[in-house]
Amino acid sequence: MGTQPQPDSDDLRLFHTGEHACGYWPERTARDLVLDPRDPRLRDWYPHALGWGFRRSGDIVYRPHCAACRACVAVRIPVERFVPDRSQRRCLARNAAVEMRVHAAERTTEQLNLYKRYLASRHAGGGMDGHGAIEFDQFLIGSWSENRFLELREPGHGRLLAVAVTDVVEHALSAVYTFYDPDHADRGLGTLAILRQIEWARRERRGHLYLGYWIAGHPKMDYKRRFRPLEAFDGRDWRVFTHL
């Protein structure tokens, strides 16, 4: 996928990609703004980029910038003001015995096997279901980011249920990707992972948990609006999310 430089200051080079297939709506094409992946200061720029509505995938920090579509809206949770709703409280109660551990972002065989099972169940035929160890490291870990693996396990350090890949910056956490045991989908493990990330951020006095992009009506993205209060980036500022 070719790129062309966008005009910008000498401090930070920004690229505008060419058109490529949209990862959310298969009938659409997309373009992104990308921070220069060769810039050795990318790790230092990344916390600021999160505040500008960008997101990390592997070593790439990007923000959708499509000519005729503004469906992707960056959202974040102000963790001190978050209050779980009734459904989220039920999720916490249902999984009260689940153990949470935060580890260095180093792939294990157990994590890789769970990741493959999750992709085969949730993204069959979507291009990711062939991922192996190399793709796992490139997509989830990268070479410069400070991230952690939040593991959710059955009691007594038992079966691995879910892994939430989480970036750690000075004043926030960013939820990069979560994968979980498809045989336990009815437990709401994706919701549980976010709730536990909120607890983690609150415990460490980090102001926000970034959730990536909300897309109205998208079956795999619309769940984010259930975490209230929520803030949305309008291209200039973060404002109270008003979509019910």
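I took helices (H or I, at least four residues) and strands (E, at least two) as DSSP runs, numbered from the N terminus. On that basis I find five helices and 15 strands in the protein chain.

Notes on the source. This is a predicted model, in which local features need pLDDT of at least 70, side-chain atom pairs count only at pLDDT 80 or more, and totals for chains, interfaces and linings use all residues. Residues are numbered from 1 along each chain as its sequence is written, and side-chain values use heavy atoms, with hydrogens and water left out.

Overall form. I looked up the radius of gyration, taken over C-alpha atoms, with a globule rule of 2.2 Å times the number of residues to the power 0.38. For 244 residues a compact globule would come out near 18 Å, and the protein chain has 18 Å, so the two agree. The C-alpha trace spans about 55 × 40 × 35 Å along its principal axes.

Surface and burial. I used relative accessible area with a 1.4 Å probe, protein chains only: buried is under 20%, exposed is over 50%, and partly exposed is in between. By this count 48% of the 244 residues are buried. The chain exposes about 12700 Å², of which carbon and sulfur atoms supply 49%; the areas come from the Shrake-Rupley method with a 1.4 Å probe.

Contacts. I called heavy atoms within 4.5 Å a contact. Among contacts between residues at least 6 apart in sequence, 63% join residues at least 24 apart.

Cores. A nonpolar core here is a set of buried Ala, Val, Leu, Ile, Met, Phe, Trp, Tyr and Cys residues joined through side-chain atoms within 4.5 Å. The largest one has 49 residues, and Ile 77, Tyr 115, Tyr 177, Phe 179, Ile 198 and Leu 209 touch the most other members. Elements that give two or more residues to this core include strand 8 (73–78), helix 3 (109–122), strand 12 (172–180) and helix 5 (189–203). Helix 5 gives the largest share, eight residues. Another core, of 27 residues, lies apart from it and has Leu 42, Trp 144, Tyr 213 and Ile 215 among its members. I then listed the contacts of Phe 179, leaving aside neighbours within four places in sequence; among them are Gln 111, Leu 114, Tyr 115, Phe 136, Leu 140 and Val 165.

Backbone checks. Most residues other than glycine have a negative phi, and most peptide bonds are trans. I noted a cis peptide bond between Arg 228 and Pro 229, with omega about -5 degrees. Pro 229 lies in the loop between strand 13 and strand 14 (231–233). His 157 has a positive phi, near 55 degrees. His 157 sits in the loop between strand 10 and strand 11, and is exposed at 52% relative accessible area. Arg 205 also has a positive phi, near 60 degrees. Arg 205 is in the loop between helix 5 and strand 13, and is exposed at 76%.

Two distance pairs. Arg 90 lies in helix 2 (residues 86–94) and counts as partly exposed at 47% relative accessibility. I find its C-alpha atom 10.0 Å from that of Arg 187, 97 residues apart along the chain. Ala 96 is in the loop between helix 2 and strand 9 (99–104) and counts as exposed at 58%.
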